[in-house]
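Colleague: I have not looked at this one before. Can you put it up and take me through it?

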Amino acid sequence: MRLSARVDYALRAAAELAAASGGPVTAEQLARAQAIPGKFLENILTQLRRAGLVRSQRGPVGGYWLARPAPEISLADIIRAVDGPLANVRGERPEDVDYDGAARSLQQVWIALRASERSILESVTLEHLATNKLPEAVRTLAENPDAWAS
């Protein structure tokens with residue numbers, strides 16, 4: 001799985017918003033906190049706003065904040081908002097890809113890969129990031145990544 005810089009920045013900015021409890025946070029504050037280029041971040045925040053994940057307000061007391069509670073926003077939600085579907089093959093859903101001959105089983109591999117990604121990315125929320133309390137299954141895999149293969 002390859003995550004774009006856009007996704008990385010979006011997840012980091014969203015985690016900062018989840019951790020903020022005192023009202024709106026400016027794009028400049030988010031950019032500074034996570035060392036994200038300001039113009040790039042503003043484009044990402046616009047995408048997150050259009051997806052209904054963040055809200056914004058202009059003016060001297062303006063800024064950005066989460067549109068829903070942090071426990072209700074998964075990492076998958078953020079990724080889909082800025083990069084589209086979690087897993088696709090040549091721009092198509094894995095179910096819509098068809099192979100012949102010896103490669104026939106690849107479709108099942110892509111479907112399983114997407115399911116595996118979803119199981120993690122949909123179970124981890126912005127609250128988990130903001131509080132540094134990841135779900136047990138994710139911590140276990142992170143501590144012993146080879147355990148799944150055995």
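Colleague: Which side chains meet in a salt bridge at 2.2 Å, N to O?

Modeller: Those of E95 and R114. A salt bridge here is a side-chain nitrogen of Lys or Arg within 4 Å of a carboxyl oxygen of Asp or Glu. Before going on: this is a predicted model, where local features need pLDDT of at least 70, side-chain atom pairs count only at pLDDT 80 or more, and totals for chains, interfaces and linings use all residues. Residues are numbered from 1 along each chain as its sequence is written, and side-chain values use heavy atoms, with hydrogens and water left out.

Colleague: Where do E95 and R114 lie?

Modeller: The salt bridge joins E95 and R114. E95 is in the loop between helix 4 and helix 5 and R114 is in helix 5, so the pair ties together parts that are 19 residues apart in sequence. Helices (H or I, at least four residues) and strands (E, at least two) are DSSP runs, numbered from the N terminus.

Colleague: Is R114 buried or exposed?

Modeller: R114 is buried, with a relative accessible area of 9%. E95, at 32% relative accessibility, counts as partly exposed. The cut-offs are under 20% relative accessible area for buried and over 50% for exposed, with partly exposed in between (1.4 Å probe, protein chains only).

Colleague: Which residues are linked with R114 in a network of salt bridges?

Modeller: R93 and E95.

Colleague: How many salt bridges does the structure hold?

Modeller: Seven. One of them is D8 with R12, the closest N and O atoms being 2.8 Å apart. D8 and R12 both lie in helix 1, four residues apart, about one turn of the helix. D8 counts as partly exposed at 35% relative accessibility, and R12 is partly exposed at 24%.

Colleague: Changing topic. Which residues of helix 2 are buried?

Modeller: A27, L30 and A31. Seen down the axis of helix 2, these fall within an arc of 100°, so they line one face of the helix. The arc is that of the directions from the helix axis to the C-beta atoms. The buried residues pack against helix 1, helix 3 and strand 2.

Colleague: And what is on the other side of helix 2?

Modeller: E28 and R32, which are exposed. E28 and R32 form a salt bridge, with the closest N and O atoms 3.2 Å apart. Helix 2 is followed by A35, whose phi is positive, near 55°.

Colleague: How many residues are in the largest nonpolar core?

Modeller: It has 34 residues, and those with the most contacts inside it include L17, L66 and L126. Such a core is a set of buried Ala, Val, Leu, Ile, Met, Phe, Trp, Tyr and Cys residues joined through side-chain atoms within 4.5 Å. The largest share of this core, eight residues, comes from helix 1.

Colleague: What does L66 touch?

Modeller: Not counting residues up to four places away in sequence, L66 touches A14, L17, A18, L53, V54, I73 and L126.

Colleague: How many aromatic pairs are there?

Modeller: One. The rings of Y9 and F40 have their centres 5.3 Å apart and their planes at 85°, so the pair is edge-to-face. Rings of Phe, Tyr and Trp (its six-membered ring) pair if their centres lie within 6.5 Å; planes under 30 degrees apart count as stacked, over 60 as edge-to-face and the rest as tilted. Y9 is in helix 1 and F40 in helix 3, 31 residues apart.

Colleague: Where does I44 lie, and what does I44 touch?

Modeller: I44 lies in helix 3 and counts as buried at 0% relative accessibility. Not counting residues up to four places away in sequence, I44 touches R6, Y9, A10 and V82.

Notes: Contact means heavy atoms within 4.5 Å.
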